[in-house]
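Subject: Structure for your review

Dear colleague,

Please find below the structure that I am handing over to you, together with its sequence. My findings follow it.

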Amino acid sequence: PYVFSISTKNVKPIKTLDKKLNEMQIKYGCLMLKINFPGWNKFVNDYIKDKDLYDNTAHEFGREYEPHITILYGFHDNVNVEKIKEIVQSLKNEITATTDKISIFSTKQYDVIKFDLKSPILVKLNTIMKKNFDFTSNFPNYNPHMTIGYVKPGLGKKYIKNLNKIITLTSGTFIYSYPDGEGEEFSIKKMNYL
């Protein structure tokens, strides 16, 4: 979803408009790490029961069929995407994250089922993006995770699970999603010394 509070360094919300109207009109850019997870669609279909799914009238929620890890959501329109690419492409190795737990976080609208991830490099990359680019976020702390899906409020608890083994996810492919919904994919530049 692309609805967050208005907060920019150069622009203040118009006071005569309702705050919710302002929130609904603002969309931001997002940097994500694309994850190749064999069997992902089958996993999310089997894991989340149809009757538990949250689905708004626009069908924007439900099961997550494009596995990814958000590095930072909330980039402003003035962000230089080429600069983001330079930072990301300067990485020497693919990013690795591990998980051994499925957890949730709850909002008034839905519970989000997710893999909790451990990855110092993702935390560092999030910090670098926050220090170098204008962004807006309602979340002061970055907790890497990979969303599995959205269920009706209060139903997420039954999906919490400790995994029998650690899952390791590795990727060097990123997606920058523009505020209009268009995306651009790019990868780290691997050095080839042959």
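I begin with strand β4, which spans residues 111-116. Of its 6 residues, 5 are buried, so β4 is largely enclosed by the rest of the structure. Please keep in mind that this is a predicted model.

**The sheet that contains β4**

Which strands make up this sheet, and in what order do they lie? It is an open sheet of 4 strands in the order β5-β4-β3-β6, and the pairing is antiparallel. The edges are held by β5 and by β6 (161-171); each has a single partner strand, so one side of each is left without a neighbour in the sheet. On average, neighbouring strands here are turned by 35° against each other, with direction ignored.

The individual pairs may be followed one at a time:

- β4 pairs with strand β3 (residues 95-106) in the antiparallel sense, over 5 bridges. S103 has K114 in β4 as its bridge partner. A hairpin of 4 residues leads from β3 to β4.
- β4 also pairs with strand β5 (residues 145-151), again in the antiparallel sense, over 6 bridges.
- β3 pairs with β6 in the antiparallel sense over 7 bridges. In this pair, T99 has I167 in β6 as its bridge partner.

A helix belongs to this part of the description as well. Helix α2 (residues 40-47) lies across β3, β4, β5 and β6, and runs at about 40° to β5.

**A further sheet**

Another open sheet of 4 strands has the order β2-β1-β7-β8, also with antiparallel pairing. Which strands stand at its edges? They are β2 (68-75) and β8 (183-187); each has a single partner strand, so one side of each is left without a neighbour in the sheet. Neighbouring strands of this sheet are turned by 20° against each other on average, direction ignored.

Within this sheet, strand β1 (residues 29-34) and strand β7 (residues 173-177) run antiparallel and are joined by 4 bridges. One example to locate in the view is C30, whose bridge partner in β7 is S177.

Helix α3 lies across β1, β2, β7 and β8, at about 30° to β8. Helix α4 packs on the sheet and touches β1, β2 and β7, and its direction makes about 15° with that of β2.

**How α3 and α4 meet**

How are these two helices oriented relative to each other? The axes of α3 (residues 81-89) and α4 (residues 120-132) come within 12 Å and cross at roughly 150°. Angles over 145 degrees count as roughly antiparallel, and α3 and α4 are therefore roughly antiparallel to each other. The crossing in which α3 passes α4 is right-handed.

Which residues form the contact? From α3 come I84, I87 and V88, and they meet L125, I128 and M129 of α4. By residue type, this contact of α3 with α4 has 6 nonpolar residues, with no polar and no charged ones.

Yours sincerely,
A colleague

Definitions and conventions. Residues numbered from 1 in each chain as written. Predicted model: local features only at pLDDT ≥ 70, side-chain atom pairs only at ≥ 80, totals over all residues. Heavy atoms only, no water. Buried < 20%, exposed > 50% of the residue type's maximum accessible area, 1.4 Å probe, protein only. Pairing = 2+ DSSP bridges. Axes fitted to C-alpha atoms, helices over the stretch in contact; angles between N-to-C directions. Parallel < 35°, antiparallel > 145°, perpendicular 65-115°, else oblique. Left-handed = near helix turned anticlockwise from the far one by under 90°. Contact = heavy atoms within 4.5 Å. Nonpolar A, V, L, I, M, F, W, Y, C, P; charged D, E, K, R; others polar.
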